[in-house]
Amino acid sequence: MIEGRSKAFWFLAIFFGLYVLFLYGPMIAIYILSFQGPQGGLTFPMNGVSLTWFAKLWQGNGIIDIGESFTRSLGLGVTVMVLTVVISVSAGMAFRRRFAGQALLFYVAIASLIVPSLITSLGIALEFRLLDDYIINHFGDWGMQDIADNWETAMGLYTSGLGAHLTWTLPFGLLIMFAIFNRFDPRLEEAARDLGATPWQTFRHVVLPIIAPSVVGIGLFGFTLSWDELARSSQAIGPVNTLPLDLQGLTTTVTQPDIYALGTVISVVSFTVILIAVLTIRVLQRRQAAQGSDAGKGMV
Amino acid sequence: MQESSGRSTFIAWLQAGPLALVFLAFFVLPLVFVVIVSFWDYNDYQMLPMLSGRGYTDSFEGCLAELPGLCTIARTYLQTLKFCAIVWAATLVIGFTVAYFLAFEVKSKEWQIILSLICTIPFWTSNVIRMIAWIPLLGRNGLVNSFLQAIGAIDEPLDWLLYSQFSVILALVHLFTFFMVVPIFNSMIRIDRSLIEAAYDAGATGWQTLWNVIVPLCKPGIVIGSIFVITIVMGDFVTVGVMGGQQIASAGKIIQTRLDALQFPAAAANAVILLGVTFLIIAALTKLVDIRKEL
């Protein structure tokens, strides 16, 4: 370290390079293979180049309707993203004060991150099954027999499925908020208050612009974690499938490169969202740097 | 501050309320139901709300009779723990080395951000895709087998590369090293550089500094990363399923098998057992570090 670019540096740099290759190499392989020719198989070499497998995916292979699950996953992902941002930012503000139950709430959030996803998913499934049973068997007692008779299930994409995804995205959102406010200078808010701003004005015009880049980061986590979520969806999503569930279903019967084509399509969405988020964060940071006052910097 | 503390608490709860409600409805209550249902009875097609230990007795079936041999659940847990140990060791070594490079060898802030982003992007993409990505490499006609055959190292393609314990472990390391890198990097970045200078000035070699200064100061990050990796591997059923060709047993797969058979109380009982084992491991790990001080 002290002698500059030492042997250790080059050893570690090569190690890091190999790690990156290990991370990306296999993914790049399937992106390439998804453009396999019509006669091509699951492995190299490429047998021509074509869009056959994307076309096949688009037409559907009779078993699953990829277009439907694509729309569903996209809708759910955007909903999870918006809710994760709103709920995390709001809770992050709360955690800057002291309130009863603060430590408990924090531990519950951490536990939600650590408890195996399958168990959370199973619990949500049980909760909704018991709710369904209760409605079917007892709503008649309340004079709502017709509801009980026609009831199928309360489980669904935007009930149990949404809840399951939020238990996964919110802990990340909360931890990012903690990281933001650990570095936040509360004097900025005091200044706003002293100048007569209401709490909402302070938040809207002082706090939010400062934390905006990190809030975009929370949104990025919210969408991508939901878009690719599988273990928590597995039991709690209800009668319809999301895209990752369809993809997992395909892995048991994988014989043709159309599974790679699906993988490429899903990844294109992920990469697009990541790119948009990273660019937005950069623009916001640039704007902050450009508009930020230099007050106090050369005056001391 | 100026406001009374009662009003302040009220506002805080209003702000934290949605978060608390989501966790209550979709995490705490579901866990309570898992525990309750684990003590229910069941038949071939539904659960029966009557107190019963059948979920547990069915799970441990034959465990006493087969002594000193191991029953199915004991063998399965042993295998899952073996996966845990191997994946933990591999992710720790790789994660620590990668974090060390990022924290100490990359001097420019700009590059640190770019390289960290490169490590993070796969985390934002689909795990299943990252699993099937190994098929063209490890399959019977995959790149690895073709290469080994071409250089004459083997005559027949190796069968154990894919849909095997090897491929499960490889995929787990591939997917989850990230969870080791982040907390260890976070610990390293906080280490006061003058401590390292001091160690060198006092005559410590590079390895001595690493082992006696850096590693102890990274302990919190190492423990947090370990908790993530171990709990993920303990509860995993997707990676073991896809990369094991649905042929390898694991603690998570037991639950899934029970669920596929609609035996909810038995699935719940296994979930409670898995939670218990995972909790014991975490408790042992947190004895080593106080997580609260790390955030």
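**Chain contact and helix geometry in a predicted model**

In this predicted model, the contact between the chains takes 71 residues from chain B and 69 residues from chain A, two residues being in contact if their C-beta atoms, placed from the backbone, lie within 7 Å. On the side of chain B that touches chain A, α1(B) gives the most, with 21 residues, and by class this side has 51 nonpolar, 18 polar and two charged residues. Here Ala, Val, Leu, Ile, Met, Phe, Trp, Tyr, Cys and Pro count as nonpolar, Asp, Glu, Lys and Arg as charged, and the others, Gly among them, as polar. Residues are numbered from 1 along each chain as its sequence is written, and chains are lettered from A in the order in which they are written. Local features need pLDDT of at least 70, and side-chain atom pairs count only at pLDDT 80 or more, whereas totals for chains, interfaces and linings use all residues.

Within chain A, the axes of helix α5 (residues 117–138) and helix α7 (residues 157–182) come within 10 Å and cross at roughly 150°, the axes being lines fitted to C-alpha atoms over the stretch in contact, with angles that run from 0 to 180 degrees between N-to-C directions. α5(A) is therefore roughly antiparallel to α7(A), a term for angles over 145 degrees. Among the residues that meet are A:Ile124 and A:Phe128 in α5(A), and A:Thr167 and A:Trp168 in α7(A); the residues of this contact divide into four nonpolar, six polar and no charged.

In α9(A), a kink of about 60° lies at A:Ala212, shortly before the proline A:Pro213, where the bend is the angle between axes fitted to the seven residues ending at a residue and the seven starting there.

Terms used
Helix = DSSP H or I, 4+ residues; strand = E, 2+ residues; numbered from the N terminus. Parallel < 35°, antiparallel > 145°, perpendicular 65-115°, else oblique.
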